[in-house]
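Thanks for coming, everyone. Please have a look at the structure on the screen, and then I'll walk you through it.

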Amino acid sequence: MEISVALVTVSVAIVLVSSWTWRTLKLVWFRPKMLESYLRRQGLSGTPYTPLIGDLKRNFSMTMDARSKPIKLTDDISPRVMPFPFEMLKNQGIYVKCCIVGLFVVEYMIKKRS
């Protein structure tokens with residue numbers, strides 16, 4: 001039996017695509033869901049993980065809603081400037097934020113003062 005060049009090329013392509021797909025799934029789905037389960041086991045609550053977009057839709061709608069209302073000079077500006085983190089802090093008491101710095105994902109928590 002001869003092994004043709006086309007067969008080897010297709011086999012290598014399948015292996016590379018499978019490897020790339022697995023890495024992407026780990027990065028986008030498995031790792032964040034695992035982190036979410038660890039945080040929930042430690043007693044931290046929050047919104048469920050949504051791949052790629054996260055809470056952007058809710059954050060955007062809350063920001064547009066907050067900016068559409070007038071504000072007085074004596075009002076607290078934190079609900080208007082950052083409504084989504086303020087709402088999370090008010091509801092859960094802890095706000096977990098993930099942000100991308102360079103190529104790394106940095107996670108930090110803000111705890112509500114008692």
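**A walk through the model**

Let's start at one residue. Ile71 sits in the loop between helix 2 and helix 3. Helices here are DSSP runs of H or I with at least four residues, strands are runs of E with at least two, and both are numbered from the N terminus. What does Ile71 touch, leaving out residues up to four places away in sequence? Asp76, Ile77 and Arg80. A contact means heavy atoms within 4.5 Å.

A word on the ground rules. This is a predicted model, so local features need pLDDT of at least 70 and side-chain atom pairs count only at pLDDT 80 or more, while totals for chains, interfaces and linings use all residues. Residues are numbered from 1 along each chain as its sequence is written, and side-chain values use heavy atoms, with hydrogens and water left out.

Now the overall picture. The protein has 4 helices and 2 strands. Along the sequence the pattern reads α-α-α-α-β-β. Of the 114 residues, 10% are buried. Take the contacts with a separation of 6 or more: 18% of them join residues 24 or more positions apart.

How confident is the predictor? The average pLDDT is 76, and 76% of the residues score at least 70. That score is the confidence in each residue, from 0 to 100. Over residues 98-106 the pLDDT is below 50, and this stretch has 10 contacts in the model beyond near neighbours in sequence.

On to helix 1, residues 5-41, where we find Glu36. Glu36 counts as buried, because its relative accessibility is 14%. Setting aside neighbours within four places in sequence, Glu36 is in contact with Thr47, Pro48 and Tyr49.

Thr47 comes up again with Asp55. Asp55 lies in the loop between helix 1 and helix 2. Asp55 is partly exposed, at a relative accessible area of 22%. Beyond neighbours within four places in sequence, Asp55 contacts Thr47 and Phe84. Asp55 and Phe84 are 29 residues apart in sequence, and their C-alpha atoms are 8.9 Å apart in space.

Next, aromatics. The search of the whole structure finds 1 aromatic pair. Why is the pair of Trp22 and Phe30 called tilted? The ring centres of Trp22 and Phe30 are 5.5 Å apart and the planes stand at 40°, so the pair is tilted. Rings of Phe, Tyr and Trp (its six-membered ring) pair if their centres lie within 6.5 Å; planes under 30 degrees apart are stacked, over 60 edge-to-face, and the rest tilted. Trp22 is partly exposed at 48%, and Phe30 is partly exposed at 40%.

Last stop, a pocket. Which residues lie nearest the centre of the second largest pocket? Ala66, Lys69, Pro79, Arg80 and Pro83, out of 15 lining residues. A pocket is an open set of points on a 1 Å grid over the protein atoms alone, where a 1.4 Å probe fits, with protein on both sides within 12 Å along at least five of seven lines; lining residues have an atom within 4 Å of a point. Helix 2 (56-68), helix 3 (78-81) and helix 4 (83-92) each supply at least two residues of that lining.

Technical notes
Buried means under 20% relative accessible area, exposed over 50%, partly exposed in between (1.4 Å probe, protein chains only). pLDDT is the predictor's confidence in each residue, from 0 to 100.
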